[in-house]
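Please keep the structure open while reading.

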Amino acid sequence: MPNELEDGDWDLLLRRIKDGKCTPFLGAGVCAEKIPVYSQIAEEWVKKYDYPMEDSYDLTRVAQFVAVAKDHMTPKEEMCSKIKEKLKEVAPGYFDNPDEPHRVLADLPLSIYITTNYDDFMVQALKSRGKTPIQEYCRWNKCIMQSERTSSDYVPTPEKPLVFHLHGLCEIPESDGSCEKIPESLVLTEYDYLDFLAAISRNQNLLPLRIQRAFTNTSLLFLGYKIADWDFHVLFRILDEYLDISMKRKHYSVQLVPGYVPEAQKEKAQKYLGRCFAELDIQVYWQDCREFAKELRTRWEAFNRGT
């Protein structure tokens, strides 16, 4: 299994980026440096709520336990509070680092960014590069179905790109400068993921047409995901139908084998996971996404100098 992209793969990816035919998908690993990864948050809740099961690393199942023990909104509200707390710790110059993954992506001439994260790091990074991003999120449940949507006249461009939160976000800016808190939008517990998948299956129009087109008409670049996580499992099922009818462009996933896999079993795990990805024409590369982002920036700059 390849650990890094070969020169031919890089050439294809960079040309797709140049043509605006690449759509990044951002997972939790992209912002793990500043916002605790799911397993860390799960560990905190395991202690706080006395979670009795063995899968204490699984945030989705731990969140489901909290939702039953308290109520459905408790884990969502606590998640939003934790993210807001961590965002306060981010220094104003955080995106000045040219190798920070969000900054690297923000410097590319892309019109759409899709994330399953609840934070606004991608939006902040784009603003830091002088762009004017528009935020949107999936209206997957009745609580948020009637909330105001982006104008249908809006056409995403590299200067005014769309950041689409597939699994919700904590809050979204209002026109008066305030922020609307929307913890109801979060896909977090086991039941949330099942309800989200069922809602998308019943009504594909829950995904804006421009997002559906990105699924079928561009190369997808997945960063910060682990195939064992619920967000990737659900994403995998949603994309299955879209990629089946696409023009069979090559897609890329940069990730690491889950940490709980024993060292002696990692090669077997890579082969198994590689076959899973191959079903969707996704080439997986076993590399840290921050290292990949650094190489992407270096190669993109060299590519532009040579064209």
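The model is predicted. In the second largest pocket, the lining comprises six nonpolar, five polar and seven charged residues.

**Second largest pocket**
- The second largest pocket holds about 440 Å³ of space.
- Its lining counts 18 residues. Gln135, Ile172, Pro173, Glu174 and Ser175 are the ones nearest the centre.
- Helix H6, strand E3 (134-137) and strand E5 (171-173) each give at least two residues to this lining.
- Strand E3 supplies the largest share, with four residues.

**Cavities**
- Two cavities of 30 Å³ or more turn up in a search of the whole structure.
- The largest cavity has a volume of about 90 Å³.
- Residues lining the largest cavity include Ala28, Cys31, Ile35, Pro36, Met79 and Asn117.
- Helix H2 (38-49) and helix H4 are the elements that contribute two or more residues to the lining of the largest cavity.
- By class, the lining of the largest cavity has nine nonpolar residues, one polar and one charged.
- The second largest cavity has a volume of about 40 Å³.
- Leu26, His102, Thr115, Asn117, Asp119, Asp120, Phe121, Met122 and His165 line the second largest cavity.
- Three nonpolar, four polar and two charged residues make up the lining of the second largest cavity.
- Asn117 lines the largest cavity and also the second largest cavity.

**Aromatic pairs**
- The structure contains 15 aromatic pairs.
- Phe95 and Phe121 pair edge-to-face, because their ring centres are 5.9 Å apart and their planes meet at 85°, over the 60 degrees required.
- Phe95 sits in the loop between helix H4 (73-87) and helix H5 (101-106), and Phe121 in helix H6 (residues 121-128), so this pair ties together parts 26 residues apart in sequence.
- Phe95 and Phe121 are both buried.
- Tyr225 and Phe232 form a tilted pair, at 5.5 Å centre to centre and 55° between the planes.
- Tyr225 is buried, at 2% relative accessibility. Phe232 is also buried, with a relative accessible area of 2%.

**Aromatic cluster and a charge over a ring**
- Phe25, Phe215, Phe222, Tyr225, Phe232, Phe236 and Tyr242 form one aromatic cluster. The tilted pair of Tyr225 and Phe232 belongs to this cluster.
- Arg139 places its charged end over the ring of Tyr137, 3.9 Å from the ring centre.

Notes: Residues are numbered from 1 along each chain as its sequence is written. This is a predicted model: local features need pLDDT of at least 70, side-chain atom pairs count only at pLDDT 80 or more; totals for chains, interfaces and linings use all residues. Side-chain values use heavy atoms; hydrogens and water are left out. Rings of Phe, Tyr and Trp (its six-membered ring) pair if their centres lie within 6.5 Å; planes under 30 degrees apart count as stacked, over 60 as edge-to-face and the rest as tilted. Buried means under 20% relative accessible area, exposed over 50%, partly exposed in between (1.4 Å probe, protein chains only). A charge sits over a ring if NZ of Lys or CZ of Arg is within 6 Å of the ring centre and within 35 degrees of the ring normal. On a 1 Å grid over the protein atoms alone, a cavity is a set of points where a 1.4 Å probe fits but cannot get out, and a pocket is an open set with protein on both sides within 12 Å along at least five of seven lines; lining residues have an atom within 4 Å of a point. Grid points are joined across faces, edges and corners, and a volume is the space filled by probe spheres set on the points. Ala, Val, Leu, Ile, Met, Phe, Trp, Tyr, Cys and Pro count as nonpolar, Asp, Glu, Lys and Arg as charged, and the others, Gly among them, as polar.
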